Amino acid sequence: YAAADTEGRPLAGAALPQALSGVPFATGLFSLVDGKEAALAGYEFQRWEYEGKTLDQASGQSMPAGDIVLTAVLKELTGELTVSNTVTGNAADKTKKFTFTLTLDAEGSYSYTGSSAGTIKSGDKFELAHGESITVQGLPVGTGYTVTEADYGREGYTSSSSGAAGKIVEGTVTAAFTNSRTSAGGPKTGDGSGYPIWLVILAVSGAGWLGSSRLRRRYGDKA
């Protein structure tokens with residue numbers, strides 16, 4: 001027997017039925033000897049093939065006598081992983097790029113899209129600023145993943161996350177990170193001046209006093 005995916009690539013370790021004369025074709029990956037399910041994790045059974053031709057399972061056709069090779073065509077089940085970053089706090093820099101590392105227990109490179117695009121493999125790093133995210137596509141179902149973030153504690157940031165580790169399922173799983181930095185004396189969010197408001201008022205008041213003093217002195221000299 002042999003097993004291949006939908007692109008014809010051989011699959012190792014497949015538990016397929018033995019070819020027995022007179023036994024009806026199974027409707028999935030089942031042992032024709034003891035009837036126990038033998039499906040491969042992460043794959044969906046598509047069809048049986050014999051000598052490159054699809055076998056008609058619905059007809060009740062029996063296997064021919066003698067030694068034959070049946071090929072089970074399987075579809076690999078895949079999912080996506082989205083990693084996002086949110087930056088909060090009145091002292092946070094929302095233009096700052098934060099560095100993340102993706103670890104997978106699957107080999108190979110995978111495409112990703114989002115705030116940036118390219119390919120990524122286990123151990124690779126990527127960067128996200130506030131409101132940015134990437135989505136890694138085509139990850140085999142059951143693949144274990146972990147997303148870690150560099151330590152920004154010395155810069156005053158506190159990091160939290162959800163879904164930073166787990167397994168890929170059909171659909172999309174999300175690893176969401178939040179980085180926060182606050183300061184009692186820092187500028188309010190959206191205030192790009194970087195100066196406390198009381199300092200601005202004091203400067204304006206001082207300029208007014210200086211102008212008034214010069215005006216009095218000028219008129220005093222004329223008197």
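Strands here are DSSP runs of E with at least two residues, and helices are runs of H or I with at least four, numbered from the N terminus. The model is a predicted one: local features need pLDDT of at least 70, side-chain atom pairs count only at pLDDT 80 or more, and totals for chains, interfaces and linings use all residues. Residues are numbered from 1 along each chain as its sequence is written, and side-chain values use heavy atoms, with hydrogens and water left out.

**Exercise 1. Find Ser-84 and work out whether it is buried or exposed.**

Step 1: Look in strand β5, residues 78-88, and you'll find Ser-84 there.

Step 2: Buried means under 20% relative accessible area, exposed means over 50%, and partly exposed is in between (1.4 Å probe, protein chains only). Ser-84 has 19%, so it counts as buried.

**Exercise 2. Work out which strands pair with β6.**

Step 1: Two strands pair if DSSP finds at least two bridges between them.

Step 2: Strand β9 (residues 125-128) runs antiparallel to β6, with four bridges joining them. Here Phe-98 faces Leu-128.

Step 3: Strand β11 (residues 144-149) is also antiparallel to β6, over five bridges. Thr-103 has Thr-146 as its bridge partner in β11.

Step 4: How enclosed is β6 (residues 98-104)? Five of its seven residues are buried, so the rest of the structure largely encloses it.

**Exercise 3. Classify the ring pair of Phe-98 and Tyr-152.**

Step 1: Rings of Phe, Tyr and Trp (its six-membered ring) pair if their centres lie within 6.5 Å; planes under 30 degrees apart are stacked, over 60 edge-to-face, and the rest tilted. That rule gives four aromatic pairs.

Step 2: For Phe-98 and Tyr-152, the centres are 4.9 Å apart and the planes at 70 degrees, so this pair is edge-to-face.

Step 3: The two lie 54 residues apart, with Phe-98 in β6 and Tyr-152 in the loop between β11 and β12 (158-162), so the pair links distant parts of the chain.

Step 4: Phe-98 is buried at 0% relative accessibility, and Tyr-152 is buried at 10%. Together with Tyr-157, Phe-98 and Tyr-152 make one aromatic cluster.
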